[in-house]
Amino acid sequence: MSKQKLGLNTICTHVGEIIDEQFKGSVSPIYMSTSYQFDDVDVKRYPRYFNTPNQEYLSKKIAALEHTEAGMIFGSGMAAVSTVFLAFLKAGDHIVVQNTLYGGTSNFIREEFPKYGIEFTFTDGYEVSDFESAIQPNTKLIHIETPSNPLLTITDIKGVADLAKSKGVLTTIDNTFASPVNQNPIDFGIDIVIHSATKYLGGHSDILAGAVACSNAHMEVIWNVAKNLGGSLSDFTVWMLERSMKTLALRVKAQNRNAKKMAKFLSEHQDVKKVFYPGLKTHPQYELAKSQMKGFGGMLSFELVDGLDAMQFQKELKLIKSSMSLAGVESTVLSPHKTSHSLLTQKERDSIGVTDNLIRFSVGIESKQDLINDIEQAIAKIKKKQLISK
């Protein structure tokens, strides 16, 4: 049966599984060996070559989910990002980067690219015209992230891809926030898709990994750099990730539903100043998001009204966890200015709208009313403390 004809849940469950020929187990066996035969074999396997049995087969699932020819699994999302960039950029080249994206990626570009003589420009905004005006004669790559971290801005994927193709420029996208369940950038013309597999692909806050999906030709270029940089991961982690991805579509769709309900609740709350969620009709790119996403995702951000301290609010939460990461089945919150964007200066954060009062909310699969009750009691507590302090 062709992969293209399989349903989403079937791909998640079955594509990329290793058939246990010896004992007929229902799950993929783990091949923990770091040493494989080198003669009289079709593939010379070694963990750093990203081609152990578990690595190879999980990559097929990644590729099937993202509608690409090839996939590759990395030790972290940043290992995936940095390897892809260094595979296609060299001294004298230029990259155009969306201004609203994961802080770790921004920091990598600002800190490391000058050492390699790679030039870069962060866009003024995230409209196609912003990318076009930033392109230079030596531009080789455009990198976007949509929905963006943490403000959930939406970038026109097809518009950027078409622009890049007209200029002979490669395109990459961080598709972590959307996941392959909600968005397939390859279908809109993007060349290379990157994920922090730590997030929705893993989904249980117990795996650190990254993923890349693209054509065979682009993957060959990436692999030649990846094997030198050594950003592979253990086969036990690969096995855990393959197991977790069996429920990817079920988890993400449940998180989509919850996030939309929570965004609506927060947008109507008297103590909430702003809500950033592409599934709200008040979001400035709602129609664009609807045109390129199958679901609006499980991530949102919001700001409390002036006078209510964001950090104190998070400390008062009982059910929703204060956590560094996101996209697990449990709901979590954090302050981007202290975590994902802490490496940026105050001026840089202010320029992209990451305020000190911004709270990023990764919505899990809990009952909606339980999440609402937790938020209400936390707000009530900080308001009471403020009254007492007066």
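User: Helices of at least four residues and strands of at least two are DSSP runs, numbered from the N terminus. Given that, where does Ser148 lie?

Analyst: In this predicted model, Ser148 lies in the loop that runs between strand E4 (139-145) and helix H6 (157-167).

User: Why is Ser148 called buried?

Analyst: A residue counts as buried when its relative accessible area is under 20%. Ser148 has a relative accessible area of 0%, so the residue is called buried.

User: What makes the pair Ser148 and Thr153 a polar contact?

Analyst: The side chain of Ser148 comes to 2.6 Å from the side chain of Thr153, and a polar contact needs a pair of N or O atoms within 3.5 Å, one able to donate a hydrogen and the other to accept it. The value of 2.6 Å falls within that cut-off, and the pair is therefore counted as a polar contact.

User: Which residues is Ser148 in contact with, leaving aside neighbours within four places in sequence?

Analyst: They are Gln98, Thr100, Thr153 and Phe177, where contact means heavy atoms within 4.5 Å.

User: What can be said of burial and of contacts across the whole protein?

Analyst: Of the 390 residues, 58% count as buried. Among contacts between residues at least 6 apart in sequence, 73% join residues at least 24 apart.

Technical notes:
Residues are numbered from 1 along each chain as its sequence is written. This is a predicted model: local features need pLDDT of at least 70, side-chain atom pairs count only at pLDDT 80 or more; totals for chains, interfaces and linings use all residues. Side-chain values use heavy atoms; hydrogens and water are left out. Buried means under 20% relative accessible area, exposed over 50%, partly exposed in between (1.4 Å probe, protein chains only).
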